[in-house]
Amino acid sequence: MTLAGKHILLIISGGIAAYKSIHLIRLIQKAGGTVQAILTEGATHFVSPLTIATLCGRPALTDLFDLTRETEIGHIELSRSADLIVVAPATAHILARMANGLADDLATTCLLATTTPILAAPAMNVRMWEAASTRRNIELLREDGVAFVGPDAGDMACGEFGPGRLAEPEEIFAAIADHFARSRAPRPLEGRTAVVTSGPTREPIDPVRYISNASSGRQGTAIAEALAALGARVKFITGPAEYARPAGCEIVPVETALEMKAAVDAALPAEIAIFTAAVADWRITAPSDVKVKKDAAATPPTLEFTPNPDILASVAQLPAGQRPSLVIGFAAETGNLETQAREKLARKGCDWLLANDVSPGTGIFGGSDTHIVFLDAAGSEDWGPLSKTAVAARLAERIAVRLSSEA
Ligand code: CTP
């Protein structure tokens with residue numbers, strides 16, 4: 001893998017693993033890349049700026065208030081001229097500062113001022129890695145688009161065992177190479193627009209109770225991310241789900257089926273529409289404005305239901321000109337998979353249907369793996385057992401092929 005012409009800004013923060021950055025610099029250079037290093041004050045206690053500077057062939061920067069350097073380069077320029085910023089090792093402290101937008105030294109000022117992609121390789125004690133605050137910070141940083149490599153699990157310098165050990169330099173190098181490989185990858189859906197529904201809906205009974213289902217939003221999230229990775233502009237309309245933040249997508253949170261339908265209508269026109277949401281088929285006809293009290297009635301309350309609109313069918317049956325070029329549905333069945341799915345494809349009027357058996361015991365509903373049977377007017381294909389991420393990648397590729405053949 002070559003990194004020829006690639007310039008990496010390497011931020012070394014203060015942990016015992018800082019010495020591994022020396023090997024990482026060597027690997028980047030061997031692949032043809034150049035490295036500018038910044039050491040936090042803590043890092044200088046673990047690794048010498050002189051060693052790093054000698055290796056990199058340029059000064060290792062340490063202090064925001066080095067005014068000569070500031071006038072010569074400037075932290076804004078420093079952070080933006082890099083093709084990738086790598087924070088390795090990334091301590092719990094620097095991750096917390098990044099997650100909260102602090103800029104109290106040169107490293108964090110560069111990280112805040114940049115528009116360059118950031119890859120972080122965390123390294124810390126296992127308890128620190130598992131601390132609620134670190135979990136929150138990692139989650140926030142992921143949402144902000146920061147990529148992570150590691151940490152690995154193993155014996156730690158502090159004598160404990162578990163996740164928190166800095167990924168090996170070879171692994172960090174592979175993540176850097178992978179980043180550039182992906183950014184060079186073709187983006188066949190560039191400029192295309194897509195709408196994806198995902199997750200469950202919630203139908204209120206009263207202000208504190210609702211009817212819903214166990215959809216995790218995993219498949220919808222994976223599909224939205226796969227489309228975005230190929231360049232599509234994705235509007236992601238999600239019910240309250242565990243997985244509801246696909247990277248690189250516009251996220252529209254909704255609760256009820258009626259809200260989901262309104263959000264889909266507002267998101268059209270789009271060229272691609274994919275319906276992965278597990279929409280409640282019925283809503284409570286007259287939800288109570290106040291909490292239903294158990295003592296108010298002698299008998300348990302009876303709920304009266306009204307059918308919800310079929311969002312997929314309403315879009316699939318739009319007149320030509322308003323209808324997306326490709327309308328794709330999912331079918332969750334618990335028996336007679338192909339017969340039921342074939343009937344659903346025809347009834348709803350979608351172009352493609354991805355059917356899966358969600359019977360108890362399959363672990364598909366809410367799980368990370370699935371087993372798809374793909375149907376279109378021409379026939380059906382059994383995709384076999386796959387992860388939901390693999391299904392998403394395969395579907396996105398197929399969409400790209402189909403749309404390019406139409407263009
Ligand atoms: N769907 C939708 N709006 C609804 C119900 C379903 O958009 N009100 C979409 C789902 O997102 C999915 C497809 O329709 O893409 C099939 O959903 P599924 O729950 O399998 O089927 P249902 O339409 O609910 O039919 P049935 O209950 O008979 O299985």
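Which of the 15 residues around the ligand come nearest? They are Phe275, Ala277, Phe330, Lys344 and Lys348, where a residue counts as near if one of its heavy atoms lies within 4 Å of the molecule.

Some ground rules. This is a predicted model, in which local features need pLDDT of at least 70 and side-chain atom pairs count only at pLDDT 80 or more, while totals for chains, interfaces and linings use all residues. Residues are numbered from 1 along each chain as its sequence is written, and side-chain values use heavy atoms, with hydrogens and water left out.

Now the shell around the ligand. By class, the shell has nine nonpolar residues, one polar and five charged; here Ala, Val, Leu, Ile, Met, Phe, Trp, Tyr, Cys and Pro count as nonpolar, Asp, Glu, Lys and Arg as charged, and the others, Gly among them, as polar. At least two residues each come from α12 (311-316), β16 (326-333) and α13 (337-348), these being DSSP runs numbered from the N terminus, with helices (H or I) of at least four residues and strands (E) of at least two. β16 gives the most, four residues.

Next, polar contacts, meaning pairs of N or O atoms within 3.5 Å. A ligand nitrogen lies 2.9 Å from a backbone N or O atom of proline 309. For isoleucine 311, a backbone N or O atom is 3.0 Å from a nitrogen of the ligand. Alanine 332 has a polar backbone atom 3.0 Å from a ligand oxygen. On its own the ligand has 570 Å² of accessible area, and the protein covers 80% of that (Shrake-Rupley method, 1.4 Å probe).

How values were computed: Polar contact = N/O pair within 3.5 Å; in protein donor to acceptor, adjacent residues only side chain to side chain.
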